[in-house]
Amino acid sequence: TTTHLGFDWRKNNSVSYVKTMEDNCAASWAFAVTSLIETWMLINESETFTGLSSQELIDCDVQNDGCIEGAVYYALDYALTNQGLNKLDDYKLSTT
């Protein structure tokens, strides 16, 4: 693998925007996992960035506890077990 010093992932549409929810939602575990998978997909499988749904993890991953707490390990397990995550455009982040 070649590393390019000075490569700006943001300028190349290679990272998602900063995702956030209300102050009372501790969903950083879901945002971390979707960002990890998005980056992996871009580097290994695709030439274009595909945003994935953190909301799907918050709503559907029963090993984690939505906005209360969650673990990256369980979220990755959910994504693998379900053969991936929905695209962000198909399962948008809820602000409520």
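## The disulfide and its cysteines

Cys25 is buried, with a relative accessible area of 13%; buried here means under 20% relative accessible area, exposed over 50%, and partly exposed in between, with a 1.4 Å probe and protein chains only. This is a predicted model, in which local features need pLDDT of at least 70 and side-chain atom pairs count only at pLDDT 80 or more, while totals for chains, interfaces and linings use all residues. Residues are numbered from 1 along each chain as its sequence is written, and side-chain values use heavy atoms, with hydrogens and water left out.

The partner of Cys25 is Cys67: the two form a disulfide, with sulfur atoms 1.9 Å apart, where a disulfide is a pair of cysteine sulfur atoms within 2.5 Å. By this rule the count is one disulfide. The torsion about the S-S bond of Cys25 and Cys67 is about -75°, so the disulfide is left-handed. Cys25 sits in the segment before α1 and Cys67 in the loop between α2 and α3, so the pair ties together parts that are 42 residues apart in sequence. Cys67 has 28% relative accessibility and counts as partly exposed. Cys60 is also worth a look: this residue is partly exposed, at a relative accessible area of 33%.

## Overall layout

The protein has three helices and zero strands, and from the N terminus on, its elements run α-α-α. Helices (H or I, at least four residues) and strands (E, at least two) are DSSP runs, numbered from the N terminus.

Of the 96 residues in the protein, 33% are buried. Among contacts between residues at least 6 apart in sequence, 64% join residues at least 24 apart; contact means heavy atoms within 4.5 Å. The protein exposes about 6,700 Å², and carbon and sulfur atoms supply 51% of it. Accessible areas come from the Shrake-Rupley method with a 1.4 Å probe, and for residues only the protein chains shown count as cover.

In soluble globular proteins, nonpolar side chains tend to be buried together. Here the largest nonpolar core has 14 residues, of which Ala27, Trp29, Ile37, Leu57 and Leu85 touch the most other members. The elements that give two or more residues to this core are α1, α2 (54-60) and α3 (72-81). The largest share, five residues, comes from α1. A nonpolar core is a set of buried Ala, Val, Leu, Ile, Met, Phe, Trp, Tyr and Cys residues joined through side-chain atoms within 4.5 Å.

Which residues is Leu85 in contact with, leaving aside its neighbours within four places in sequence? They are Thr34, Ile37, Leu52, Ser53, Glu56, Leu57, Tyr78 and Ala79.

## On the surface

Phe7, Trp9, Val15 and Ile43 make a nonpolar surface patch of about 360 Å². Patches are made of residues with over 30% relative accessible area and no salt bridge: like charges are joined within 9 Å, nonpolar side chains (Val, Leu, Ile, Met, Phe, Trp, Tyr) within 5 Å. A salt bridge is a side-chain nitrogen of Lys or Arg within 4 Å of a carboxyl oxygen of Asp or Glu. Ile43 belongs to helix α1 (residues 28-44) and is exposed, with a relative accessible area of 52%.

Thr39 is placed in helix α1 as well, and is partly exposed at 30%. Thr39 and Trp9 are 30 residues apart in sequence and 9.8 Å apart in space, C-alpha to C-alpha.

## A backbone detail

Gln83 lies in the segment after α3, and its phi is near 55°, a positive value in a residue other than glycine. At 77% relative accessibility, Gln83 counts as exposed.
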